[in-house]
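Morning, everyone. I have one model to walk through, and I will keep it brisk.

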Number of protein chains: 6
Amino acid sequence: MNAMPWQDKPENCNDVMWRYSQNPIIDRYAIPTSNSVFNSAVVPFKDGFAGVFRCDNKAVQMNIFAGFSKGGINWDIEHEPIKMKAGNTNMIDSEYKYDPRVVFIEDRFWVTWCNGYNGPTIGIGYTFDFKEFFQCENAFLPFNRNGVLFPKKINGKYAMLSRPSDNGHTPFGDIYISYSPDMKYWGEHRCVMKASKFQDSAWQCTKVGAGPIPILTDEGWLMLYHGVINTCNGFRYAMGAAILDENKPEELKYRTQPYILGPAETYEQIGDVPNVVFPCAALHDIKEDKLAVYYGAADTVVALAFGRISEIVSFTKNNSL
Amino acid sequence: MNAMPWQDKPENCNDVMWRYSQNPIIDRYAIPTSNSVFNSAVVPFKDGFAGVFRCDNKAVQMNIFAGFSKGGINWDIEHEPIKMKAGNTNMIDSEYKYDPRVVFIEDRFWVTWCNGYNGPTIGIGYTFDFKEFFQCENAFLPFNRNGVLFPKKINGKYAMLSRPSDNGHTPFGDIYISYSPDMKYWGEHRCVMKASKFQDSAWQCTKVGAGPIPILTDEGWLMLYHGVINTCNGFRYAMGAAILDENKPEELKYRTQPYILGPAETYEQIGDVPNVVFPCAALHDIKEDKLAVYYGAADTVVALAFGRISEIVSFTKNNSL
Amino acid sequence: MNAMPWQDKPENCNDVMWRYSQNPIIDRYAIPTSNSVFNSAVVPFKDGFAGVFRCDNKAVQMNIFAGFSKGGINWDIEHEPIKMKAGNTNMIDSEYKYDPRVVFIEDRFWVTWCNGYNGPTIGIGYTFDFKEFFQCENAFLPFNRNGVLFPKKINGKYAMLSRPSDNGHTPFGDIYISYSPDMKYWGEHRCVMKASKFQDSAWQCTKVGAGPIPILTDEGWLMLYHGVINTCNGFRYAMGAAILDENKPEELKYRTQPYILGPAETYEQIGDVPNVVFPCAALHDIKEDKLAVYYGAADTVVALAFGRISEIVSFTKNNSL
Amino acid sequence: MNAMPWQDKPENCNDVMWRYSQNPIIDRYAIPTSNSVFNSAVVPFKDGFAGVFRCDNKAVQMNIFAGFSKGGINWDIEHEPIKMKAGNTNMIDSEYKYDPRVVFIEDRFWVTWCNGYNGPTIGIGYTFDFKEFFQCENAFLPFNRNGVLFPKKINGKYAMLSRPSDNGHTPFGDIYISYSPDMKYWGEHRCVMKASKFQDSAWQCTKVGAGPIPILTDEGWLMLYHGVINTCNGFRYAMGAAILDENKPEELKYRTQPYILGPAETYEQIGDVPNVVFPCAALHDIKEDKLAVYYGAADTVVALAFGRISEIVSFTKNNSL
Amino acid sequence: MNAMPWQDKPENCNDVMWRYSQNPIIDRYAIPTSNSVFNSAVVPFKDGFAGVFRCDNKAVQMNIFAGFSKGGINWDIEHEPIKMKAGNTNMIDSEYKYDPRVVFIEDRFWVTWCNGYNGPTIGIGYTFDFKEFFQCENAFLPFNRNGVLFPKKINGKYAMLSRPSDNGHTPFGDIYISYSPDMKYWGEHRCVMKASKFQDSAWQCTKVGAGPIPILTDEGWLMLYHGVINTCNGFRYAMGAAILDENKPEELKYRTQPYILGPAETYEQIGDVPNVVFPCAALHDIKEDKLAVYYGAADTVVALAFGRISEIVSFTKNNSL
Amino acid sequence: MNAMPWQDKPENCNDVMWRYSQNPIIDRYAIPTSNSVFNSAVVPFKDGFAGVFRCDNKAVQMNIFAGFSKGGINWDIEHEPIKMKAGNTNMIDSEYKYDPRVVFIEDRFWVTWCNGYNGPTIGIGYTFDFKEFFQCENAFLPFNRNGVLFPKKINGKYAMLSRPSDNGHTPFGDIYISYSPDMKYWGEHRCVMKASKFQDSAWQCTKVGAGPIPILTDEGWLMLYHGVINTCNGFRYAMGAAILDENKPEELKYRTQPYILGPAETYEQIGDVPNVVFPCAALHDIKEDKLAVYYGAADTVVALAFGRISEIVSFTKNNSL
């Protein structure tokens, strides 16, 4: 198996996360039809890595594409979008697909994404090989976004984070958890984490949404997330970290008052949607204490940032809201 | 058992529904604390009728109250709101409760309502006797309103209509159906009926939501619903009828292009929210071909309207959008 | 020829206009399909009167209907909407028709209305007999409302007032004039009269639009119009009067600072859209110094008000903004 | 001196306030130019009563007028608005004046009102005789409304309640207090009472503003106020009561969770702005334990309601939010 | 006559249009008073080129200026704005002028622009020499923008594309065509092309407007246009292509689902209005199969892009929505 | 005493102000906790300079920090925010502090800032040494921003400019002046300067607010200010200059129709809030005719621009709106 991407922290850096020196790693024109490639998900696969990528085409239609990489940095993305077969349901509408997440549970890779079914809701699918994909029932009624599965069952049930939403540029957003015995019927909805008050932590005062698949640590689940502030010149997305209870993840233990990565590089500040850092996936190695976060930058490209898991966890505890 | 409320159609009336001559049947000050009593649900119970009533108090806090009646017209409403015990869950938050529906399935009366859990969603409870009530899991994530159960399982599962919503005065709204094996986990969400186009049927062009428990007829499920138009002076709510397929109720067979009851009487045109006719419950007698619809008027009082089921069904088929 | 409708001013009345004592003259259910009948136009025709009526049906679809009356008060309205034949164009789309005006010029009756062509604009048609109607080119691009023709050519050209608009509940509106040599091509657009400043005359500070066909008086064209204020509980429509120059009607000579008829009776204050007085037509007799204004009330019914032309003209001069 | 207006509580009334049986006491057309007369202030004066009345004219221009009454119910209102002379300043702009309050302090009657100076702010004036009025400096920068003086100095300074506002239909509003040594310079601004949370007391969840001059009771200052809820069909104004600390009136001791008078009569539910109960003044007699509140109804007329001071105070304590 | 500007397609470029390597060609400070120079129109003139340029001054007042160039790349722009003389009308108001287009028809150069007459509408003028300009009647009532004439009469009439608008940042916009026998009166308004559905082609789902003068090709009129998407951080303008029927240009034959040039270079992504590519003019040579499009970038500068007409036409046919 | 920062005008520069060649002078990460450092105030202090800096931390909480510099370009900013002691009041709430101004009057340095007290209002404090700070009464009720003191009493009273505001991204804003005998009670509020009309000077048509402390010149007070235009992609802030009467500063003598510094450099066009030039302080030397303006750029960094006072004054007179 190949090693996950990694660069050590630069010498003069005091931050808990740092950017890959060759960012962005995927260009907006990475495939012939694409206008932008961003907000994408990767996982270890065979001896390398596989992923599901959001590639908006030049008609700015949103769809998800499979891709493969040996080292996790240079990616071969399919030129045709993923074509789903029916999973645990009859085929249902999918006006568009975007912002995928991928996770391996038990025997297969589960994919969730924002699925266009009379507005955005959470689509679910699975694959064994990143070639054949099966589409299941939507998890929820519209409107919803940022559905993120936990990497194992909790108390015998699948668990999913999501962010109830509206059909537009949603000026609100809190993170909820829901459970399912079978990936088909969902219930036991609980509120996990709300947007903060402006005075307490303004960068995340408009909305928050889960990012990569949560990572189990000694302190509980490490959930990286995006937070948004509504400035007079538009939304600004940055990244924070939270710790959820291992067995009752609806219980929030800590969340960072400061952001841990915010838009400050040109490729984050300029693009189709300026000032966006939007984490969607992470590779990690608990033993080596390494974390590599894949994030969409300015809704235009994919970039990479690194951190030490232990350091992020302790930072989260020590700087909790 | 007492007969359901009834008045024959007035002689000069050409409409498919007609109002009770003594409307409104429940006054805004029906209990000592109430500011308004409206949008309430009734069912046959023992030798008379029982119901769950929305009584907003004079702080305009919303809550639901049990009530009893011999003939379905004069009601004794409890002065204290329903106090729930835990049902299929730990007790969950309920910041407010409003717009109840009640239905008997198998062995008990199920109550659904708009439940305040970080915004409106669908609360579920049950009772055997209208004295002791048990609160179950919320059916859905916020934001949702107008959760209406079918009176029997469909293909072995509970089925619920609902209207995904937002946290305010919601300027949109379509009717969806969801299924559950156990009243706890919900899935198989399908869109049943959308707000119409302005040109096609403007009275229901802003939003639509299910009203009373659907009634099984030879043509399928008769679903009475509210439709809303957004005038320059506010929302106007009227009532329509639709027929859903008996075994696949996500399939809409007919829906009335015209409304069948709209705000035209003073108690419907004036009140806390003018121009509202909002049906929440119906008593019916298939053999006698009678229907009595309970509706909130102007968000202030409860009124009653009558119709012949067969006539409503044929009207719906003959005037379908 | 029958006399126009008339009642003398009540004794204790100090106003320049007064209501017909039997108002409203046309009920919302005047024809079997109607939800409301309002904002309609009448003219002398043969030995009585004819008119074009806005009857929204119970699907709240808007359409226009011919009607006839001997005395101008009791009206027989056709149960089927006007069916247009092609006039000076191929038949064009008409998603809906509402708020008609009618005027006799030279040899025929011209009808203008708000025509649904990708949003509201001004439709034009003509009839000789109120049985056969011919539809011409729309006068303008969308979005426009309240197109009102002058009753004779001015400087050899047809002249039309209109109110550029948007596709919704339009929170603005000024009156313009446009000219045409042929009822097909329009130009020489000039601004005639704007909504006033809040401090100067708040009842007409949100928008103004022409009402009945202008009436030629010694002082110039008497233009009755509606003015709107946006209160915290919706738009309120009242009626004012203005005098335009006879030969250059783009020159406004006077306009009333006070309204001359505002919503104060129950049928004006309650209905599908509360607080609306919307004049669309007037019968007049210069010799007898009589004016009878037909106005929609609360977007629900048609009502009638009377005045002395000379008194209205002098009131307008003496109370000009 | 004449007795203040009074009617005993009706027998079957369980409310803490009750309406005058002949309401409304002042009609919208009370003076020849008026479109509406509402939101007005009265005080004992000589052997009867005097007042300052908001009369919007038929151009819907807002201005204030002096008026006189022997018994406080039938009022002679001047036909010309109050014409101010310069008080403690050069004459300043006043684009409009509305919603007056009047209070006697030390040697004169002080009038405050909403003064149009590049938007609404608090105007101050005084009179000795209700014939000659002197206009002082505006108390605050725009935008502000509902400036209400205390009837005596507190800790040696004048004290004024107000509600910071915006230039439109203000969808927010909390009550502040400010102090002045000289009625010219104001400071020591403190927040007194905020709009409540929706769940706690929805009728006052959008905004609150002080009404009549506070009345000193054994429990502290009795402040009647208006609270507003934003329904889907517009703002609804009702009346509540609060108790402020006698010597530190910025300290709120109690406030009613329920409203004590809400729009339920036709003249409150219908008018230029439906569903408005807006108290602006009160006559009281501590010894006789009588209170008579003058309130604007539907922004159209003036109405009167009565209560027992002691009962209102104890109700406020016992039903406090 | 000088050759039109041209650069061959770069080797590794797969796009149908490519940028000039020295972009931008006109700087924001091109004339002493200018804050920005963009959205401008050029035509062949004598042995070189002339143009009408939008130069907003440092007060951000909008006006149009004549300019001249030998090769079409380096421009001499007059330092004083164009001063109009009366054309086919009395001089009419012009509060501002922006976004000009220029076309030669028969004997003269016609200029259209967005003319401030109580809001934006389409101004028309002509010149023979780019020194003396004559202003005609406005084509339409307000509100309108992007009036673009066809380069020859169609069926004996002048034809103009335009985009009905509102008075602000217009969140909608479809392209219409209108005809005129005389450049004074306009009629026969038809809808040509609407903003697309979000799912079909999101880059043009908010509004579309005609760009350069249409070019006659074997397939019909080639109309380049701008399309807009409303992102959460503002409007993004890109360029598409459409083919209209030669003799009935209201008939749309093809339109590109993908954009053909979108903001991706720094000078397009940053400036007074980020993310704007706004084509206003094109030079072309049918024989040489060359097209040079002048477009405003970021509402700040003028840039140039090239393409092969035949390739754009076939791309439009093969990638039509 | 050290000389103030200075660079001579570049040779090819025709503008009245020019940027420091090493801009920005303070980076967003200038102190360990900062996300951005901008909108800050400096004054001569001892033999160098002191200042109060707005440093938003990485939770995007706003606070003000003291700083010191020898030459006015390189700054040592404290790592802990200013901790206030009670001044002329009990300690009052301060949810946040931002956008400080500093001025020396008589015996001390007065600091004003935007103070969070139930929304933004003007906080006042003073210091003698930039180590110990004392907080006084807020000047005004909420909502207000940009409180700027004059550097000496005017007619015996303190004078302050401010911009009444709302609680969000305020789409309006005019400059007012208020007076106080004692820095505690404020009155004599007068409007000084309004946002301009769009046609007259669009860069300042949305709002205007005072910037640095006014500078007394022979022509009156030189007030630099920010003006804002609301583009379709957000607010754009630029800088203008105005002259106020020396003894009656509520009298505006001149104001620049053009801006004198607008966002055109990358650090002004990109950042947390793109396109912002926001002046907060100035150092000046009347004898040497030098002015150095400190301004926030893109709400992210601090930059510096220079000008000749005499030239700015004459430019303002010669280019007045």
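**Rings, symmetry and backbone**

Start at D:F68. This residue is partly exposed, with a relative accessible area of 21%. On the cut-offs: buried means under 20% relative accessible area, exposed means over 50%, and partly exposed is in between, with a 1.4 Å probe and protein chains only.

Before going on, the ground rules. This is a predicted model, where local features need pLDDT of at least 70, side-chain atom pairs count only at pLDDT 80 or more, and totals for chains, interfaces and linings use all residues. Residues are numbered from 1 along each chain as its sequence is written, chains are lettered from A and ligands numbered from 1 in the order in which they are written, and side-chain values use heavy atoms, with hydrogens and water left out.

D:F45 is buried, at 9% relative accessible area. Over all chains, a search of the whole structure finds 154 aromatic pairs. Rings of Phe, Tyr and Trp (its six-membered ring) pair if their centres lie within 6.5 Å; planes under 30 degrees apart are stacked, over 60 edge-to-face, and the rest tilted.

Take one in chain B. B:F109 and B:F130 have ring centres 4.9 Å apart and planes at 55 degrees, so this pair is tilted. B:F109 is in strand 8 (residues 108–116) of chain B, and B:F130 is in the loop between strand 9 (120–127) and strand 10 (133–135), so the pair ties together parts 21 residues apart in sequence. Helices (H or I, at least four residues) and strands (E, at least two) are DSSP runs, numbered from the N terminus. Both B:F109 and B:F130 are buried.

Back to chain D. The ring centres of D:F45 and D:F68 are 6.1 Å apart with planes at 45 degrees, so that pair is tilted. It links distant parts of the chain: D:F45 sits in strand 2 (residues 34–45) and D:F68 in strand 4 (residues 64–69), 23 residues apart.

In chain A, which rings do the pairs link into a cluster? They are A:F45, A:F68, A:F104, A:F109, A:F130 and A:F133.

Charges next. C:R108 lies over the face of C:Y126, 4.6 Å from the ring centre. In chain F, the charged end of F:R108 sits over the ring of F:Y126, also 4.6 Å from its centre. The test is NZ of Lys or CZ of Arg within 6 Å of the ring centre and within 35 degrees of the ring normal.

Symmetry. Chain A can be laid on chain B by a turn of 180 degrees and a shift of 0.0 Å along the axis, with an RMSD of 0.0 Å. That is the relation of a two-fold axis. The same surface serves both copies, as 100% of the contact residues of chain A recur in chain B. Chain C goes onto chain D by a turn of 120 degrees and a shift of 0.0 Å along the axis, again at an RMSD of 0.0 Å. That is the relation of a three-fold axis. Here the copies use different surfaces: 10% of the contact residues of chain C recur in chain D. Copies are superposed by least squares on C-alpha atoms of residues with pLDDT of at least 70 in both, and contact means heavy atoms within 4.5 Å.

Last, backbone. A cis peptide bond joins B:N23 and B:P24, with omega about -10 degrees. Another joins F:P142 and F:F143, with omega about 5 degrees.
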